[in-house]
Amino acid sequence: MARRSVSADRRGRDRDDPHLFKGGILEYGADPKRYLATDLLGRLLQALSNRGEKSRRGTIHTPDVVTHHMVEYFADDLPPGTVIGEAAAGSGAMWRAQARLLHDQGRDAAQYQCVGAEIDPLTGAVLGANSLLWRLGHGVLIACADALAGDSGLAHAHREREEAIARRDAFLSSLHQPK
């Protein structure tokens, strides 16, 4: 059996974005035009998952062109502080598209609050990593829950975040106490 490349498995979709894989991750992460161009980690997760895993997780990756059009149509004039919610956040395609639009308008995505739920823990972890890569700021809240079934899990996620911040702050203040 012949081995197939990821590009062949993905039917050539990487041909449009060869710079993402050849340019190096440090260069990719340093340039907003590049790191906001596509959901690289989400695409990687899709490429590494087989059809059974995708079906089990209910994974449907929203194409970049769709998310770009959606945010341009529905959310092109949001004031700072607006909550950008996502009930089935996946790896964050909508958040990335919104961050890209804000960047193109000369605004900072970290001035908004990204709040979302994702049922799959691995995809939720990718969403967390992407929120750092896309520089979404401290207003990000991710719940690992099935928001489409009723419980968004956001209240629990908010409590966990507040507890983690309190532990972090206590630890940091203990480092600065005189001995």
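Asp-104 is partly exposed, at a relative accessible area of 45%. On this scale, buried means under 20% relative accessible area, exposed means over 50%, and partly exposed is in between, with a 1.4 Å probe and protein chains only. Keep in mind that this is a predicted model, where local features need pLDDT of at least 70, side-chain atom pairs count only at pLDDT 80 or more, and totals for chains, interfaces and linings use all residues. Residues are numbered from 1 along each chain as its sequence is written, and side-chain values use heavy atoms, with hydrogens and water left out.

What does Asp-104 form with Lys-33? A salt bridge, with the closest N and O atoms 3.2 Å apart. The term requires a side-chain nitrogen of Lys or Arg within 4 Å of a carboxyl oxygen of Asp or Glu. Asp-104 sits in helix 8 (residues 93–104) and Lys-33 in helix 4 (residues 32–35), so the pair ties together parts 71 residues apart in sequence. Helices here are DSSP runs of H or I, at least four residues, numbered from the N terminus. Lys-33 counts as exposed, at 55% relative accessibility.

The whole structure holds 4 salt bridges. Next, Arg-96 and Asp-64. Their side chains meet in a salt bridge at 3.3 Å, N to O. This pair also links distant parts of the chain: Arg-96 is in helix 8, Asp-64 is in helix 7 (residues 64–74), and they are 32 residues apart. Buried or exposed, Arg-96? Buried, with a relative accessible area of 0%. Asp-64 is buried too, at 18%.

Now Asp-169 and Arg-168. Their salt bridge is 2.8 Å, N to O. Asp-169 is partly exposed, at 36%. Arg-168 is partly exposed as well, at 44%.

On to helix packing. The axes of helix 5 (residues 40–48) and helix 9 (residues 121–133) come within 9 Å and cross at roughly 155 degrees. Axes are lines fitted to C-alpha atoms, for helices over the stretch in contact, and angles run from 0 to 180 degrees between N-to-C directions. Helix 5 and helix 9 are therefore roughly antiparallel, a label for angles over 145 degrees. Which residues meet there? From helix 5, Leu-41, Gly-42 and Leu-45; from helix 9, Leu-122, Thr-123, Val-126, Ala-129 and Asn-130. Contact means heavy atoms within 4.5 Å. The contact residues divide into 5 nonpolar, 3 polar and no charged.

Definitions and conventions
Helices (H or I, at least four residues) and strands (E, at least two) are DSSP runs, numbered from the N terminus. Angles under 35 degrees count as roughly parallel, over 145 as roughly antiparallel, 65 to 115 as roughly perpendicular and the rest as oblique. Ala, Val, Leu, Ile, Met, Phe, Trp, Tyr, Cys and Pro count as nonpolar, Asp, Glu, Lys and Arg as charged, and the others, Gly among them, as polar.
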